[in-house]
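Have a look at the model first.

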Amino acid sequence: KEIVLATENRHKEEEIKSILKDLDIEIVPMTSFPDYPTMIEEGATLEENASNKARKVAEFFKKWTIADDSGLEVDYLNGRPGIYSARYAGENCSYDDNNKKLLAELRDVPEEKRTANFRTVVAVASPAGRLFLADGKIFGTIKKHTAGTAGFGYDPVFYVPEYEKTFAELGCEIKNSLSHRAKALQKVKKIIKSLSNS
Ligand code: ITT
Ligand code: NA
């Protein structure tokens, strides 16, 4: 009754564990093993990247595995950075670099044109090669300045109109109740429950 979590991102790991905490399954981060495979993201979609990560790690450990691929799609930028969200400002760039670049690209863009969405695809892979996908999306806007300190990545600039706050201002508890990742993982819970009943 355990499932490997294929991510190198500690923030994601924390959120995923928290959202799945009511499942009767132990979430084992792949980073807790002495060795784990390198996950290469060269797919054209979040679906491809999540599937490839989950499959590769499931095969390596011969254990059920889940992986998350997420991206921020900004309408004014025709959906960028999308699958390139992690390396938007360059290979090995910081979250801060990405946010600076995004705010600069949108500098003179008015409020009503700053719409965006965050999307997560979670893949669940079995050692034998079975694969399940679930996605989650949240709509919002890109704020003109960073605000808030919680979370990671684009959280200080992703603004949720219903709450009049960025993800970073909302804090993890509220974010984990309504985020792109939370929505995808609620579907994953159903998948895992139906698998463990069959
Ligand atoms: P793994 O592939 O190891 O899971 P990663 O950080 O490379 O970790 P992604 O390939 O999915 O993850 O890249 C998504 C990037 O989008 C991530 O690095 C963050 O910058 C950003 N991101 C993802 N989820 C986010 C969230 O909930 N809030 C803010 N930014 C997020
Ligand atoms: Na990645």
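## Contacts and burial

Of the chain's contacts between residues at least 6 apart in sequence, 57% link residues at least 24 apart. Keep in mind that this is a predicted model. As for burial, 39% of the 198 residues of the chain count as buried.

## Fold and dimensions

What does the secondary structure of the chain come to? Six helices and eight strands.

On to dimensions: along the principal axes, the C-alpha atoms need a box of roughly 50 × 30 × 25 Å. The radius of gyration is 17 Å, which agrees with a compact globule, because 198 residues packed that way would come out near 16 Å.

## The largest core

The largest nonpolar core has 26 residues, and the members that touch the most others are Ala6, Ala54, Ile66, Val122, Ala123 and Val188. At least two residues of this core come from each of β1 (2-6), β3 (65-74) and β5 (115-125) on the strand side, and from each of α1 (10-19), α2 (46-61) and α6 (180-196) on the helix side.

Zoom in on Ala6: leaving out residues up to four places away in sequence, Ala6 touches Met30, Met39, Lys53, Ala54, Val57, Thr65, Ile66 and Ala67.

Note on methods. Residues are numbered from 1 along each chain as its sequence is written. Chains are lettered from A and ligands numbered from 1 in the order in which they are written. This is a predicted model: local features need pLDDT of at least 70, side-chain atom pairs count only at pLDDT 80 or more; totals for chains, interfaces and linings use all residues. Helices (H or I, at least four residues) and strands (E, at least two) are DSSP runs, numbered from the N terminus. The radius of gyration is taken over C-alpha atoms; the globule rule is 2.2 Å times the number of residues to the power 0.38. A residue is buried if 20 or more other C-beta atoms lie within 10 Å of its own, exposed if 12 or fewer, and partly exposed in between; C-beta atoms are placed from the backbone. Two residues are in contact if their C-beta atoms, placed from the backbone, lie within 7 Å. A nonpolar core is a set of buried Ala, Val, Leu, Ile, Met, Phe, Trp, Tyr and Cys residues joined through C-beta atoms within 7 Å.
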